[in-house]
Each structure stands twice: as structure tokens, then as C-alpha cells.
Amino acid sequence: MAERDSKGTFSDRRLPVAQKYVIPISRSRMVWGGLALAGVLLLLVAVDAFVGDGDVISAGPVSRAHAALEERGSCDSCHVALASASSEKCQDCHGFVADGRSAFGHASHVLYQSSDLQRVTDHENDAALECTACHTEHQGRDANITEVADARCGNCHFGGFDEHPQFAFARLHQAKERPGLAFPHVKHVRKLVEKNDLAQIETACLYCHQSDETGAGFVDIDFEMHCSSKGCHAQGKEKTPFLPTFAAGRPGVLTPEMIARSGRPGTSWAKLEDPTAYPWEDGQIRKLAQLHPDPWVMENLRHLARQRRSGPVLADLLLSSPGDAHNARALYAEAIETLSGWIDELRSSPDKQVQKDLEWASSMLESLERQLENPFELASAEAFEALDDVELDPATEEALDEIEAGLTKWCSECHGVANGAIVRPQADQEMLVRANFDHRAHALQQGCLDCHSSGYNAGVCEQDPSAEFDWRTPFCLYVSPMDTSDPANPKLVHPERHDLEVADDFTGPEWVNLPGVESCRSCHSSKEAGDSCTTCHEYHPHKDRGAHLSRFLGEGDES
């Protein structure tokens with residue numbers, strides 16, 4: 001092997017090598033250079049954040065609702081150091097509660113959508129769903145950050161409207177309710193069409209179903225407004241049969257004189273009654289020209305009820321039985337109204353102690369009214385339930401039943417009567433409790449019967465009158481519109497329909513005649529009317545309920 005006699009060779013193979021070693025740049029230079037560059041960038045960011053408009057570090061302009069914060073350069077109003085916007089920061093303006101809970105958090109969403117306080121057991125899951133999970137800022141001034149994609153809702157619920165389950169009222173209760181009234185829609189619609197020569201069946205609907213001030217819904221059915229003012233019911237012609245008067249050891253009704261002498265609260269009307277309105281015959285009495293509600297009938301129903309049970313109950317403060325009231329607050333509100341009326345009657349008493357007691361009672365009622373203002377206050381109807389029944393001999397029980405039937409002869413034409421009381425009517429229909437439905441928006445394109453009558457909607461009345469129907473009332477089978485082309489001679493278009501005997505399935509009041517989800521899908525799709533989740537549903541409570549929710553969620557005990 002040859003010696004290494006010169007630089008550049010170190011073996012038998014001669015390879016090219018550099019004439020001198022390459023000396024690398026000092027690492028300290030790289031470090032100092034990087035720090036200098038970072039310092040310049042930090043300086044630019046600081047100047048932009050504290051002196052400029054923050055355009056360098058901003059992800060983009062915020063929406064108009066938050067534009068004022070951006071103009072003030074108040075990034076820390078939403079952001080925390082080295083992190084994105086936090087829900088806690090949002091709560092400073094939106095639904096802040098002293099203990100950190102939010103009226104716009106997930107627990108509030110559950111409470112608002114279900115009205116079930118038992119489902120709100122804790123608020124630990126509030127933090128798991130940040131505001132920014134649905135509301136994305138820095139998308140520009142015209143961005144609508146309240147619009148949320150269905151995919152957000154689909155994380156917990158179904159994916160889209162085509163997968164929407166059947167509405168709860170139709171799925172669980174076959175669209176039935178218990179309104180406490182004997183009310184066949186077909187019979188009333190027929191009468192209105194004939195009496196008013198209506199050319200369209202739908203016009204008859206508007207006689208009772210009148211829009212509220214917003215047009216989205218309807219006012220509750222009211223007897224004076226919708227039943228008696230039309231010249232149909234309670235026109236002063238109704239009267240009771242002759243009934244035995246009450247005496248020791250004998251069931252019977254109380255006369256106005258007996259009621260006045262009893263001095264019971266709420267009976268001052270008895271002192272003003274006209275004796276000629278209560279004719280006598282063989283120890284029996286009757287009432288002429290009954291009112292709605294009639295105080296004499298109602299007081300005697302309470303009188304009969306007191307003979308069947310032991311001790312007083314809160315139900316005496318109600319005009320009708322508590323029944324299966326879906327809203328216990330309504331019972332308490334009615335009881336408070338009755339007590340307020342009794343207090344007003346006693347204000348004319350000269351007794352100073354009575355006046356002092358009335359002041360205390362009035363303050364107590366005002367306190368109860370304030371509690372009832374909270375729509376999510378826990379309330380139970382159990383306090384209105386009757387006490388144990390008194391054991392009566394069969395003859396007395398039968399006599400009480402006969403007197404009750406006589407007292408309510410006219411009432412029972414429309415009302416149910418049970419256990420010595422008028423069954424509570426349900427004036428409203430709380431069916432779509434988790435959705436927002438605007439009748440005004442739909443009425444521009446659809447008629448009432450397009451959704452609220454299966455037969456009319458399907459056109460089967462002209463095709464096959466014997467076809468199968470669902471649970472909606474097929475008005476077109478039993479009600480005919482009027483032909484008013486000749487104003488002097490209006491006539492029914494299909495008079496034979498008025499001769500049809502209405503099927504038993506459609507004579508009961510429990511048929512609410514509401515469409516199911518399949519009717520909504522006929523218009524609401526990706527190609528027609530909106531079908532997103534937020535078209536009908538809201539995640540957050542209405543603003544007018546925010547304060548109630550904040551109060552409840554801040555009380556600490558959700559059980």
C-alpha cells in the first residue's frame with residue numbers, strides 16, 4: 001500500500017477532497033437571529049393590538065352584533081389569553097347567573113324544550129357544549145352567527161327532517177285529548193254553514209278559531225266570545241227541573257234564602273236574587289233563565305259534594321273539578337282569583353279585626369301570585385284532590401245522584417259531570433310543545449282543510465266516499481259548502497252529505513284534527529319550504545323566559 005504522501009489522498013483510490021475544511025456557522029448566531037425575528041413579530045403584534053386595529057392577529061371581521069367590541073379593540077371581552085373565546089365570556093352579556101350557570105346553557109335547553117324540571121339534574125354538561133361549538137365568529141360583518149347547521153343538532157338528535165319521528169301527540173296519544181266537553185266539530189260546522197250561508201267550509205272555522213295579535217296562533221276558546229255571542233248557547237231559555245229542597249235528614253238543594261243565611265264566602269249574590277226566578281211547587285224549587293256559569297247551580301254542586309266527603313278541600317275554590325289538569329298553576333291561579341273575590345266581598349265589614357285579617361290575607365295572595373309568575377315553578381294538583389268519601393246508604397247516594405243530574409241537565413249537554421263537579425274544560429291545545437308553528441306564514445299558501453282534514457286533503461270525497469281515513473275529521477264527507485251564485489237562493493252544493501249520519505269515530509271531542517309529520521313533509525323539503533331544524537325549533541329559551549330560567553338555574557337545588 002502506498003504511503004499517504006499528499007493531502008487529498010488516503011488510500012489506493014484517489015478521491016477528490018476539499019482543499020480546506022468547511023467550518024459551520026456558529027449556532028449562537030442562529031439562535032440570536034431567530035430571537036431577533038421573533039421580537040420583531042411580537043413588536044408588530046403588540047403595536048397592532050394596543051395601538052392599531054388588531055387586523056394582523058384577527059381571524060377576520062366579527063358580526064354586526066359584536067362590531068362595537070371590535071371597534072374598541074376589546075378582544076379580551078370574548079377571548080382569554082392564549083385560548084379561543086370561552087362560554088364564560090359570552091355569559092357576561094348573555095344570560096349570566098351569579099354562580100356561573102347560564103340561562104343559555106344546555107341544561108336550560110333541556111328545561112325549555114321539555115318543561116320537565118326532573119330532567120335537569122345537574123349542569124356539568126354545560127361546559128361540554130361551548131357556545132363556539134354552534135356560533136362561529138370572524139366570518140364577516142354580514143354573517144349570521146345564529147344560523148346553525150343541522151349537523152350540529154344531529155350530534156344529539158336525528159339527522160334531518162326526512163328522519164323526523166312522528167309528532168308525540170300522534171305517536172303516543174293517537175292525537176286525542178280530554179277537553180271535558182261534548183263537542184262534535186261536524187255538527188257545529190254544519191250549523192254555521194247553514195245559518196250563515198257560507199260558501200266555504202273553512203269560513204266556519206274562523207268563527208271560533210280567531211287569530212291572536214301575532215297571527216301565529218289562536219286565542220283560547222271563550223264561552224262568552226265564541227259560544228253565547230253567536231246567538232247559539234245560553235240565551236236565557238235554559239232552566240232546571242223542579243228539585244227537592246234541603247232539610248235535616250233529607251238530601252236536596254239550597255234555596256237562595258238558605259245560601260244567604262249561611263254567610264259562606266262568595267255567596268253575597270244570593271241576597272240580590274229575584275224570588276220570581278225560583279218558582280216553588282210542592283216543596284220543590286227550580287231555577288229559570290240559567291246563567292253560564294250559574295252561581296246557584298255551582299253553590300249547590302259544592303253543597304252536594306260536601307255531603308259526599310269529609311272536610312273542606314281546595315277544590316271548593318274552583319268552578320270545575322281539577323281533573324287531570326295538565327297545568328297545576330292554572331288551578332292555583334283560579335283558586336287565588338276566587339279568594340280575592342271573597343276578600344273584596346268582606347271589605348265592607350265594619351269589624352276592625354276583619355279588616356286587619358283581610359290585609360294579611362291580601363298580602364299572602366300577592367306573594368302566591370308572584371310565585372306563580374315563574375312558569376317553571378314546581379306545582380302539583382294533589383292539594384286539590386278530594387278527601388276520603390263519606391259512606392252513604394244506597395238511598396241517599398241515589399237521591400244525591402238524581403239531584404246532581406237535575407242541577408246539571410242543561411250543563412251536561414256540553415260539559416261532563418263527575419263526582420259532583422263540572423269536568424274541567426281544556427281551552428287550549430298544547431300539542432306541538434317543542435316547536436314553533438306560525439299559522440300566519442302557512443295561511444298564505446294553504447287553507448285550513450288542506451292540513452286539518454284527511455279526506456279533503458286527499459280528495460277522496462269525490463273519488464271514494466268509503467275509503468279508509470286516518471284520525472283527522474273528513475269534513476267533506478259530512479259537510480257541504482253553500483252555492484251562493486244566486487244570492488236570493490243559496491243552496492247546499494251536496495245536500496245529500498247533510499243527510500249522512502256522522503260516524504261515531506268523528507263525533508267525540510277528543511279528535512283534535514291535527515296533521516302528522518307526513519303532512520309537513522309534503523311542503524318542507526330541501527327543494528321547497530325550509531326543512532332545517534331551526535325552521536321550527538329553537539335551542540335557546542325565548543327572551544321573555546330568560547329571567548325565569550336564570551332565577552331557577554341559580555337557586556342551586558334542581559331536584
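**Close-up 1. His138 sits in the loop between helix H4 (106-114) and helix H5 (150-154).** Its phi is near 60°, a positive value in a residue other than glycine. Helices (H or I, at least four residues) and strands (E, at least two) are DSSP runs, numbered from the N terminus. The model is predicted: local features need pLDDT of at least 70, side-chain atom pairs count only at pLDDT 80 or more, and totals for chains, interfaces and linings use all residues. Residues are numbered from 1 along each chain as its sequence is written, and side-chain values use heavy atoms, with hydrogens and water left out.

**Close-up 2. A cis peptide bond joins His292 to Pro293.** Omega is near -10°. Pro293 is placed in the loop between strand E3 (284-285) and helix H11 (295-308).

**Close-up 3. Helix H7 (residues 185-196) crosses helix H8 (residues 201-208) at roughly 105°.** The axes (lines fitted to C-alpha atoms, for helices over the stretch in contact; angles run from 0 to 180 degrees between N-to-C directions) come within 9 Å. H7 and H8 are therefore roughly perpendicular (65 to 115 degrees) to each other. From H7, Val189, Leu192, Val193 and Asn196 meet Ile201, Ala204 and Tyr207 of H8; contact means heavy atoms within 4.5 Å. The residues of this contact are six nonpolar, one polar and no charged. Here Ala, Val, Leu, Ile, Met, Phe, Trp, Tyr, Cys and Pro count as nonpolar, Asp, Glu, Lys and Arg as charged, and the others, Gly among them, as polar.

**Close-up 4. Glu397 and Arg308 form a salt bridge through their side chains.** The N to O distance is 2.4 Å. A salt bridge is a side-chain nitrogen of Lys or Arg within 4 Å of a carboxyl oxygen of Asp or Glu. Glu397 lies in helix H14 (residues 394-407) and Arg308 in helix H11, so the pair ties together parts 89 residues apart in sequence. The structure holds 11 salt bridges.

How values were computed:
Angles under 35 degrees count as roughly parallel, over 145 as roughly antiparallel, 65 to 115 as roughly perpendicular and the rest as oblique.
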